[in-house]
Amino acid sequence: GQIVYSIAEETERGASVGNIAKDLGIDAATLSARKFRMITGSSKQYFNINASTGALSVNEPIDREQLCELKSVCLLNYELVLENPLELYRMEFKVLDINDNSPSFPLSEYHVNMPEFLSPGARFTLPNAQDLDEGANSVQNYTLSPDEHFSLEMQIRGDGSKYPELVLKKALDREQQATHRLVLTAKDGGNPPKSGDVPVVVTVLDTNDNAPEFEHSVYRASILENSPSGTLVVQVHATDLDEGPNGEVRYSFSNTTSADLQRMFSIHPHSGEVTVNGVLAVQRPFLEMLIEARDNGAFGMSSTAKLLVEITDVNNHGPEITITSLSSPIPEDAVPGTVIALLSILDKDPGENGKVTCQISENLPFQLKPSLQNYYSLVTSELLDRELISEYNITITATDLGSPPITTQKTVWVQISDVNDNPPVFSADAFDVFVEENNPLGAFLYQVSASDPDIGENGRVSYTLRNSTVAGSALTSFLSMNLANGSIYAKRAFDFEQLRSFYFQVEAKDNGSPALSAAITVNVYISDQNDNAPAILYPTSQNGSVAVEVVPRLADEDYLVTKVVADDEDNAQNAWLSYHLAHSSDSTLFQLSPHTGELRTTRSMRSTDFLKHKVVVVVRDHGDPPLSSTVTVGILLADTLPQALPDFDDSGVPPPLLNATNIYLIVSLACVSFIFAAFIFFLAIIRL
């Protein structure tokens, strides 16, 4: 929005101008929190805003004439910037003129030479007074001190400006009075009016009764502002009807022309050529000078003409880009249209040379929108994604409409802050874990891993086990998990024979707000170990007695005595069983199938064979290392089943073959005997 205030110049410090909060509809209590600030191109801060009440007051008195010089309208432009949200208000202060300057003349005294032979009605140009005030407060009229020979009249030039002329009412007589002293007074239209006066000394001359006359009362010219020194501006010309030295004309700038303009331009005293003499360092489009033509008479007569020079602008200023406000970093979930920065773009050239177009690269998710005059807003045009691009270098290009155009660039660095918009992602759809049974407590099983492209707390992932049951027990009684790195540990030893596999879910959750999570299934497969020896199912013995099988006395060859049946709770090769004869009372009578466990006769029975036999069968699995079980089978040769089974542990049964223990005892006894014999031999040698 925009608001306009009017204030008289020289208003004292602290005077109230208005209430900016009330005038703009802003809550005054929020001004401090919204970091208000006033921005102006002026070198002085003329106004203050009370942060508590929003009252706008004068900070420093304004001198309108110093600030705006000869401008008819004096304006001060301020911008009020508020943040959270970002708002910009334009304030315009119209400085009203007061009658604080009196009219003044450039010189302290003016001299006018008049030939005595001039007739009444002769006119002489008098100097204009200058008043820095404007409008009605500027010079409005002139008065002349009473004199019987002179009167004052106002004349109008071709451009409408007025100037005073001294009019001769009565013929002069130098012999009676050679000098007339008058007072010229200039009054302004202020209330109360102010005035200034200057002495005018009229010297009566005897000769040269014609003043030079210009061809035009006003000369107009136009030059480029970058014209080099020596460039011709215009050539003025004046004629004098007198002859000889009284008719020779010399040109110069009038004393009322400012010293700055006299330094920038020069005039040839004889030809009347006005040329550029230096750098045209002015900001005004029109320059006004008075040129005086004076003859070479003994008491030279003069006249003046006005020269108006139009300075044609040249595109010699590039656009100036100023970042008034910048919000960085911005969250990646900012909606399109979010204001990022406020830019001020100015070009000091007037007209088309000062008009500016502004743009940024098309491949960026931003755009420039015109705001107030000479202001642009940099806003988002698309949704942002920090995980794709975390920062942008936005180059702003401003080009004026001059010929040739001038381009200025400025780069704005915008960072994108992270928002928790990405859940953790596991590296696979499911994880398979293989673990051997009989594992130690606390054994490491597996480490799940999930990644989160967010940063900081939004990307820090923690892991938990989802509540579930395994074989009727809580999952937490089987497993534990490191929340930080996803490592899974066993809390108990697994038994393949009781539990061969199970599954559970791991949840990965980030630390954002609100937190995002993902879950994955982990399948656990328990590998078998050879931890179970074969179990003999048949034949079985009771109370430690030997299982007895009855075989016909004269059984034929390959007669099935019995079949050893065994089972192993392990799996695969750990449960593959083989059968072996560890001991047989008659190795030539029985044989055992290693795969089926069938015990058969190797020949027909004879009448001379023992009636009782005992065999020991070893059942062995294929684990690593292998485990085994044994069963002792007593074989009774009888045609009928006896009422009482004989004892198979008596001496009638052939002694078993040497077992490992017996071999160890025999080897130990042999070693001791050898050592003892060696010791006796050693003692005998010593005695000899």
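These legends describe close-up views of a predicted model.

View 1

**View 2. Spans listed as "domain: Cadherin" in UniProt.** The unreviewed UniProt entry gives this label to residues 6–105, 106–214, 215–321, 322–426, 427–536 and 561–648. Take residues 322–426: the span is 50% strand and 0% helix. Its end C-alpha atoms lie 48 Å apart. Residues 427–536 are 47% strand and 0% helix. Here the end C-alpha atoms are separated by 49 Å.

**View 3. The hairpin of β11 and β12.** Strand β11 holds residues 150–156, and strand β12 holds residues 162–168. The two strands run antiparallel, joined by seven bridges. Methionine 154 has proline 164 of β12 as its bridge partner. Five residues sit between the strands. In this hairpin, glycine 160 adopts a positive phi near 95°.

**View 4. A nonpolar patch on the surface.** Six side chains are labelled by residue: Phe676, Phe679, Ile680, Phe682, Leu683 and Ile686. Together these residues have about 620 Å² of accessible area.

**View 5. Isoleucine 686 in helix α4.** Helix α4 runs over residues 660–687 and includes isoleucine 686. Isoleucine 686 counts as exposed because its relative accessibility is 53%, and the cut-off for exposed is over 50%. This residue also belongs to the nonpolar patch, along with Leu683 and Phe682 among others.

Methods: Residues are numbered from 1 along each chain as its sequence is written. This is a predicted model: local features need pLDDT of at least 70, side-chain atom pairs count only at pLDDT 80 or more; totals for chains, interfaces and linings use all residues. Side-chain values use heavy atoms; hydrogens and water are left out. Patches are made of residues with over 30% relative accessible area and no salt bridge: like charges are joined within 9 Å, nonpolar side chains (Val, Leu, Ile, Met, Phe, Trp, Tyr) within 5 Å. Accessible areas come from the Shrake-Rupley method with a 1.4 Å probe; for residues, only the protein chains shown count as cover. A salt bridge is a side-chain nitrogen of Lys or Arg within 4 Å of a carboxyl oxygen of Asp or Glu. Helices (H or I, at least four residues) and strands (E, at least two) are DSSP runs, numbered from the N terminus. Buried means under 20% relative accessible area, exposed over 50%, partly exposed in between (1.4 Å probe, protein chains only). Two strands pair if DSSP finds at least two bridges between them. UniProt positions are given in the numbering used here, feature names are shortened, and annotations may be inferred rather than shown by experiment.
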